[in-house]
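Please view the sequence and the model together, and then follow the topics below.

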Amino acid sequence: MIDFCNVSKVFNTDLLKKDFHALKSVTFNIPEGKTIGFLGANGAGKTTSLKIAMDFIRPTSGEIKYNESLGKNKLEAFKNIGYLPERPFFYPHLTGLEFCHYMGALTDLSKAEIESQVNVWAIKFKIDFALNRHIKNYSKGMLQRIGFLATLLHNPKLIILDEPLAGLDPIGRKELKDIIVQLRDEGKTVFFSSHIISDVEEICDSVIFLKDGEVVFNGSVDQIMKDNIKPETRISYFDGDSLLTEVIPNNKKEEYLSKLLKDGKEIVSLQAEKPTLEEIFYNVKKN
Amino acid sequence: MREINKILTIAKFTFKEIIKSNILVNIFFLGLGLLLVTYVAYSFTYGEPARIALDFGLGTLSLSSVGIAIFIGSGILAKEIDSRTVYMIISRPVPRYCFILGKVMGLILVLIVNVLLLSTLTLSAYFFIGGEFAPILMWSILFILFEAIIALLVVSLLSLISSQTIAVILSMIVYVLGHAIDGVKLTSMIAKNKVLESIIDVYHFFLPGYYKLNLKEHVIYKQNIELDYLVNNTFYVLFYSLFLITLCVLTFNKKNLD
């Protein structure tokens, strides 16, 4: 839906300081109907990439192409994009409902359409009880929820979220992740940046990993897991009342299993030993 | 048509956000202070109490309007970027010029409310003390609003190209210069020095001539003023505002919002 073509961004904030290359010839595309995780450590260039995608800042070189499925030009494309910035802090003196009306009106929705959308999403986001409160009285989680709600008001095809789960408590994270999964099931394209790899592993079809402004991996989660699977098997079994777990090299698996069965142990599970996405990217970062 | 609706929507919510902050309370207390000062001045003045009341009233009105314009206008963009609210707006199908025009329009509405409230108080006190109505009074209040609008546009433009603090300081300097420049030109030192005279001519060309909008002397001392002068200066405000708005839009279109 959006193509990044050799996008580079150089910041020079001070004449006496060296240029900072935030992005180095970044190329990838956001495919339709997928949930894509945009990973990278702090300062890897994730937010800069998203700001360039949304035309808040211009690239030093390269270009961003919006597919025709989004619209013929940038403004038309933005009608079909919902964007939530990182750690938003909205107008403190407006109520949540007024804020939703503001955002809805800017996407050409009528009052009735805004109200019906707010009614649906406010319940899903569990923010309906606070819609008439001033935003200055919202907690961080509530701000994230009202921002997410406003992002979805106009039923966008592509949803871009910058660190949507950062700073939320486990329950809040779970609830927002459930909504992202629901959006994916409805056929929406969700592109979200995060440095919490376990969240991405849980809900994404594919990942793009940025390191020091460069794309170091772009592919499906399944593929990267398969490529990094270890030649080991994790065996869990009961020894009397104790549940024990052993990791055995694959070439000794059968021999070990026979021994356990012969000794009358109860096998509970047998699993290929696979690293978490976090471990894989930790190694990428180290290398 | 859609763009106009978007500008009006941004203006409406900008106005709402500012009005729902404590600004109306501040204006209310300013108004009370104004009445108190007027009463004290009236009690201690011999001969022309109405004139003194008007002098205080118009002075407060002018300073409060320009103060609101400069201090709130300087945050027009800086606060929006800091809180990332600007991203929520321009990530929607809203051209950047709509954002700037909507914000400015919302702030102008706030200035109009301020001028209406304080001028009502000022005129009430003036008439209560025995002052007489003259059309120049209305022109004077209108020109105070114009002065605040220009100050708002100046600070908005400066905040787009510098930090909020620098924008406030520069706007104040431009405000003081804009009032003093005409008097300075009449001094013998400038009249004798061609270089300084040309510098002032350049100033007149680019920077706002706030002195043109100061009718206080005419009002208080009941001096005659030509209608042509008022109409010409109204057109000056119109064209100068358009010039500043155009610069704001062009600058904002090019600006990296990081």
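A residue is called buried when its relative accessible area is under 20% and exposed when it is over 50%, and partly exposed in between. By that scale Lys216(B), at 27% relative accessibility, counts as partly exposed. The model is a predicted one.

**A three-stranded sheet in chain A**

- Three strands of chain A form an open sheet in the order E2-E1-E4, and their pairing is antiparallel.
- Strand E2 (20-30) and strand E4 (61-66) of chain A stand at the edges with a single partner strand each, so one side of each has no neighbour in the sheet.
- On average, and with direction ignored, neighbouring strands of this sheet are turned by 20 degrees against each other.
- Strand E1 (residues 2-11) of chain A runs antiparallel to E4(A), and five bridges join the two.
- Within E4(A), Ser61(A) is the residue that stands opposite Ser8(A).
- Helix H1 (residues 46-53) of chain A lies across E1, E2 and E4 of chain A, and its direction makes an angle of about 120 degrees with E1(A).

- Eight bridges pair strand E10 (residues 232-239) of chain A with strand E11 (residues 242-249) of chain A in the antiparallel sense.
- Thr233(A) has Ile248(A) in E11(A) as its bridge partner.
- The hairpin of E10(A) and E11(A) has two residues between the strands, and Gly240(A) takes a positive phi near 70 degrees there.
- E10(A) is also joined by six bridges to strand E12 (residues 266-272) of chain A, and these two run antiparallel.
- In E12(A), Ser269(A) stands opposite Ser236(A).

- His93(A) is found in the loop between strand E5 (81-84) and helix H3 (96-106) of chain A.
- With a relative accessible area of 18%, His93(A) is buried, because the limit for that class is under 20%.
- Apart from neighbours within four places in sequence, His93(A) is in contact with Glu98(A), His134(A) and Lys136(A), and also with Glu17(B), Lys20(B) and Ser21(B).

**Salt bridges**

- Side chains of opposite charge can pair when their charged atoms come close.
- Over all chains, a search of the whole structure finds 20 salt bridges.
- One of these joins Lys16(B) to Glu98(A), with the closest N and O atoms 3.4 Å apart.
- This pair crosses between chains, from helix H1 (residues 2-44) of chain B, which holds Lys16(B), to helix H3 of chain A, which holds Glu98(A).
- Lys16(B) is partly exposed at a relative accessible area of 28%, whereas Glu98(A) counts as buried at 15%.
- Another salt bridge brings together the side chains of Arg173(A) and Asp199(A), at 3.1 Å from N to O.
- That pair links distant parts of the chain, 26 residues apart: Arg173(A) lies in helix H6 (residues 170-185) of chain A and Asp199(A) in helix H7 (residues 197-203) of chain A.
- Arg173(A) counts as partly exposed at 22% relative accessibility, while Asp199(A) counts as buried at 1%.
- In chain B, the side chains of Lys216(B) and Asp55(B) meet in a salt bridge of 3.6 Å, N to O.
- Lys216(B) belongs to helix H10 (residues 216-220) of chain B and Asp55(B) to helix H2 (residues 49-73) of chain B, so the pair ties together parts that are 161 residues apart in sequence.
- Asp55(B) is partly exposed, with a relative accessible area of 31%.
- Arg173(A), Lys177(A), Asp199(A) and Glu202(A) are joined into one network by salt bridges that share partners.

**A nonpolar patch on chain B**

- A nonpolar patch on the surface is formed by Val202(B), Phe205(B), Phe206(B), Leu207(B), Phe243(B) and Leu247(B), which together have about 560 Å² of accessible area.
- Helix H9 (194-206) and helix H11 (227-254) of chain B are the elements that give two or more residues to the nonpolar patch.
- H9(B) supplies three residues, the largest share of the nonpolar patch.
- Phe243(B) has its place in helix H11 of chain B and is partly exposed, with a relative accessible area of 35%.

Key. Residues are numbered from 1 along each chain as its sequence is written. Chains are lettered from A and ligands numbered from 1 in the order in which they are written. This is a predicted model: local features need pLDDT of at least 70, side-chain atom pairs count only at pLDDT 80 or more; totals for chains, interfaces and linings use all residues. Side-chain values use heavy atoms; hydrogens and water are left out. Two strands pair if DSSP finds at least two bridges between them. Helices (H or I, at least four residues) and strands (E, at least two) are DSSP runs, numbered from the N terminus. Axes are lines fitted to C-alpha atoms, for helices over the stretch in contact, and angles run from 0 to 180 degrees between N-to-C directions. Contact means heavy atoms within 4.5 Å. Patches are made of residues with over 30% relative accessible area and no salt bridge: like charges are joined within 9 Å, nonpolar side chains (Val, Leu, Ile, Met, Phe, Trp, Tyr) within 5 Å. Accessible areas come from the Shrake-Rupley method with a 1.4 Å probe; for residues, only the protein chains shown count as cover. A salt bridge is a side-chain nitrogen of Lys or Arg within 4 Å of a carboxyl oxygen of Asp or Glu. Buried means under 20% relative accessible area, exposed over 50%, partly exposed in between (1.4 Å probe, protein chains only).
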